[in-house]
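Please look over the sequence and the structure shown here. A short walk through some of its parts comes after them.

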Amino acid sequence: MVSRVIPVEPFDLVVFGGTGDLAQRKILPALFRRFCGGQWPEDVLVLGAARKKLDDDGYRALVAGWLKEHAPDRSADCAALDRFLSRVGYVPVEAQGDEGWPELAARLSRDRVRAFYFSVGPRLFGALAERIEAHGMASDKTRIVVEKPFGHDLESARALNATLAGHFRERQIYRIDHYLGKETVQNLMAVRFGNMLFEPLWNSQYVDHIQITVAETVGVDGRESYYDRAGAMRDMVQNHLMQLLCLIAMEPPAKFDPDAVRDEKLKVIRALDPVLPHHIVRGQYVGVDGQPGYREVVGNPRSSTESYIALRAHISNWRWAGTPFYLRTGKRLVARSSVINVMFKDAPHSIFGADAGRHANVLSIRLQPNEGITLKVTIKEPGQGGMRLVDVPLDMSFAEALGPENQVSPDAYERLIMDVVRGNQTLFMRGDEVEAAWAWTDPIIAGWESSGDVPKPYDCGSTGPGDAELLMKRDGRNWQGIKP
Ligand code: NAD
């Protein structure tokens, strides 16, 4: 299969926080991979901008080291690495002061696309936006990319939206949720809206329930103080799981266009019912076998922050009335696995009798690892007398089906950064979406705070607190296993 490369016009990209963890591990490797993939025009400038005092050569040496570590496949090609580095530079900048801004402005070209990636803590977003404009860098072709977290609650998200709107128009603001850049997430839309097969069944008449699981094996190490203030609800549910829920549940947009898609997502969030307290389970991991538990890691022996959430959500609209959506996410779980399971209802009547076994269809959309889509269908168990039924997966493993050149899915950041440069906001969150998501999560968090709720302990390496299993069992259902 020959992939079609959409041309990109020359651009300047400034990475504020260009020496930080995200820049090292994700942003620069993503840029380099797209450069190696021939997706850049010749004339591109990438400028790191951060506090550290460095010159261009000093920064290039750092970038070369990061690429060797985080893009080892590509950086083995020394010629490509050198050509990439020749387009990279650095300006020391103080986000909240005057230092470096005139130099930065002088390095940028006139009249071309300019993207400013805010890979710094959110408290600096306003200062950056203000200075970009004050130093004459906010042209019509300027775009800003804003990392998560986008606010801490509705009030702070509104304030941040208002601050950014004071300097840029909405069409210039790209709020990143890297889950939307994942190939399978986009494939979810392709499967839903590119086929006749699924959409007629995609409603409460045929779907029993939907499970969205984002399980992580990592803990909170390295992000302790942020995480202890945020917790799983703010860190994962309000953004990533909410976005997945929207894409699964939304009505077909009239076209694959930024506002058409985001209008439909927003309608889903606004149709979410408030979550009842007995439909939520919060958990916090405890150490086993000498491993530290959550409270030891964050250094807060009384912390009541959740590192795990399971909840049952309802969307009050015509399509989904009566179909629960079960969401769960947690840290230090048994396996790393992000998957959406669409659990169809049983066939209304089994013609094969009670002994044949009855099996419902499950459509599993795996985000990571092993991106792909599997449809579990029921067939006859081969070779057996009589009619016994057995489940088999119809596996749509993209890499295998599409050939060796598609064995590796591009990293989400690759896709998203190129969308910024191309001016395509479809896979970015709009300001009103983010606010609506906070409006749904804020009362849940406020309820825990006012009741002094304490999360349930669960062991590192487990599937989460037992109460999360009960949440399902009470409804006569079970979670699908968390498999690596
Ligand atoms: P980091 O602490 O590793 O890096 C911060 C960067 O900001 C550094 O380059 C530092 O020099 C620069 N900086 C800090 N204060 C500055 C100032 N006053 N003026 C100029 N530069 C300044 O942080 P990070 O982990 O790279 O995260 C950056 C952003 O991305 C944060 O908003 C974070 O929440 C978000 N994020 C990070 C990750 C991740 O995996 N690291 C994932 C998702 C979102």
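The model is predicted. Its domain assignment gives domain 1, covering 11-147, and domain 2, made up of 180-408 + 431-473. Taken over C-alpha atoms, the centres of domain 1 and domain 2 lie 34 Å apart.

Helix H6 spans residues 125-134 and is mostly covered, with 7 of its 10 residues buried. The buried residues in H6 are Phe 125, Gly 126, Ala 127, Leu 128, Ala 129, Arg 131 and Ile 132. Just after H6 comes Gly 136, which takes a positive phi of about 70 degrees.

His 240 is listed by UniProt, in an unreviewed entry, under "active site". His 240 sits in helix H9, residues 224-249. Because its relative accessible area is 2%, and buried means under 20%, His 240 counts as buried. Apart from neighbours within four places in sequence, His 240 is in contact with Lys 148, Asp 177, His 178, Tyr 179 and Asp 235. With Lys 148 there is also a polar contact of 3.1 Å between the side chains.

Ser 338 belongs to strand E11, residues 337-344. Ser 338 has a relative accessible area of 1%, so this residue is buried. Again leaving out neighbours within four places in sequence, the contacts of Ser 338 are Tyr 179, Thr 213, Val 214, Ile 365, Arg 366, Leu 367 and Gln 368.

Conventions
Residues are numbered from 1 along each chain as its sequence is written. This is a predicted model: local features need pLDDT of at least 70, side-chain atom pairs count only at pLDDT 80 or more; totals for chains, interfaces and linings use all residues. Side-chain values use heavy atoms; hydrogens and water are left out. Buried means under 20% relative accessible area, exposed over 50%, partly exposed in between (1.4 Å probe, protein chains only). Helices (H or I, at least four residues) and strands (E, at least two) are DSSP runs, numbered from the N terminus. Contact means heavy atoms within 4.5 Å. Domain bounds come from an automatic or database domain assignment. UniProt positions are given in the numbering used here, feature names are shortened, and annotations may be inferred rather than shown by experiment. A polar contact is a pair of N or O atoms within 3.5 Å; within protein, one must be able to donate a hydrogen and the other to accept it, and residues adjacent in sequence count only if both atoms are side-chain atoms.
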